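Subject: A structure for you to look at

Hi there,

Here is the structure I promised to pass on to you. Please open it beside this email, and then read on for what turned up in it.

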Amino acid sequence: MNLNTKTLLCPSALAGWLRRFALPGLTAGLVIAAAAVPNAPTYAQAIDPNTLPGSAQGETARHAAGADSTIHPIRGFLPDLNFELVAAGDRTVTEKDFDGKIVLMFFGYASCPDICPTTMAQLSQVMVNLGVEAEQVRIVFVSVDPHRDTPEILQAYVDAFSTHAIGLTGTERQISRLARRYRVAYQIEKPRSDDINDYEVAHSRGIYIFDQRGKARMLASDGESVEKLTAAVRDLLS
């Protein structure tokens, strides 16, 4: 793997979209990621203004009703769940493995010092709050560091937080394709020493919530409260 700066995705397009439609709480984190990737390409995305959160024809805004809410309806803005990645045991996993389940997906890496463990702790508490309903929900942790994160390392990492989580990785091409699909940006820094594994990874943040049919329904800030995340998932379960 080339450990020079690796840019996957188009943060500038999403950052502009977030600014335009004033989605507080998510904008800051994603704009920071955009700034960290100076030469990222731009991808256009068709947006129907009639489907914007809060519009007359848009999806109900109950998840974004409060001024401090950072959970936003995204139905119609992002594509359905679709991927082919690798889980522990070299098992190929696709979106079909989650048919009938609500999926809470986010991108990170196992040696992340802050965002990822905090987010996993939040989502594991959501599972606890859901009780028996947690059987209908899965946490999907996608690594943006395929060089260091083997499927076994990832599964051991997520198992430390929740039995309802799965860690997925793949080739650079597979990760790149999925990142572009959901407008995720990340950058692998150059090694800090002679050890080629001694490097940092910058990545955008956010929790993508898909319904039982694999439809993208909500995007939540990694700083959202466990209570609001639980309520959002329960809404989809009902």
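**Helix H5 and what follows**

In helix H5 (residues 172-181), the buried residues are Gln174, Ile175, Ser176, Leu178 and Ala179. Here "buried" stands for a relative accessible area under 20%, "exposed" for over 50%, and "partly exposed" for what lies in between (1.4 Å probe, protein chains only). Helices (H or I, at least four residues) and strands (E, at least two) are DSSP runs, numbered from the N terminus. Just after H5 comes arginine 183, with a positive phi of about 60°.

**What kind of model this is**

This is a predicted model, in which local features need pLDDT of at least 70 and side-chain atom pairs count only at pLDDT 80 or more, while totals for chains, interfaces and linings use all residues. Residues are numbered from 1 along each chain as its sequence is written, and side-chain values use heavy atoms, with hydrogens and water left out.

The predictor's confidence in each residue is called pLDDT and runs from 0 to 100. Its mean over the chain is 77, and 71% of the residues reach 70 or more. Please take care with residues 1-67, where pLDDT stays under 50. For that stretch the model has 118 contacts beyond four places in sequence; a contact means heavy atoms within 4.5 Å. Where pLDDT is low, the predicted coordinates should not be read in detail.

**The chain as a whole**

The chain has 6 helices and 11 strands. Of its 238 residues, 50% are buried. The accessible surface is about 10,700 Å², and carbon and sulfur atoms account for 50% of that; the areas come from the Shrake-Rupley method with a 1.4 Å probe, and for residues only the protein chains shown count as cover.

**Helix H4**

Which residues of helix H4 (residues 151-159) are buried? They are Pro151, Leu154, Gln155, Tyr157 and Val158. These residues cover an arc of only 160° around the axis, so they sit on the same side of H4. The arc is taken from the directions from the helix axis to the C-beta atoms. The buried residues of H4 pack against strand S3 (84-87), helix H3 (115-130), strand S6 (137-143) and strand S7 (165-168).

In the loop between H4 and S7 you will find serine 162, which is buried at 6% relative accessibility. Leaving out residues up to four places away in sequence, serine 162 touches Ser124, Met127 and Ile139. A polar atom of the serine 162 side chain also lies 3.0 Å from the backbone nitrogen of histidine 164. For such a polar contact, two N or O atoms must be within 3.5 Å; within protein, one must be able to donate a hydrogen and the other to accept it, and residues adjacent in sequence count only if both atoms are side-chain atoms.

Glutamate 84 belongs to strand S3 and is partly exposed at 46% relative accessibility. Apart from neighbours within four places in sequence, glutamate 84 is in contact with Thr92, Val93, Thr94 and Gln174. Isoleucine 175 is 91 residues from glutamate 84 along the chain, and their C-alpha atoms are separated by 9.3 Å.

Aspartate 97 is in the loop between strand S4 (91-94) and strand S5 (102-108). Its side chain reaches the backbone nitrogen of threonine 94 at 2.9 Å.

**Salt bridges**

Side chains of opposite charge can pair when their charged atoms come close. A salt bridge is counted when a side-chain nitrogen of Lys or Arg is within 4 Å of a carboxyl oxygen of Asp or Glu, and the count here is 5.

- Arginine 148 and aspartate 145 meet at 2.6 Å, N to O, and both residues are buried.
- Aspartate 222 and arginine 205 meet at 2.9 Å, N to O. Aspartate 222 lies in the loop between strand S11 (216-220) and helix H6 (226-237) and arginine 205 in the loop between strand S9 (201-203) and strand S10 (207-210), so the pair ties together parts 17 residues apart in sequence.
- Aspartate 211 and arginine 217 meet at 3.1 Å, N to O. Aspartate 211 is buried at 4% relative accessibility, and arginine 217 is buried at 14%.

Enjoy exploring!
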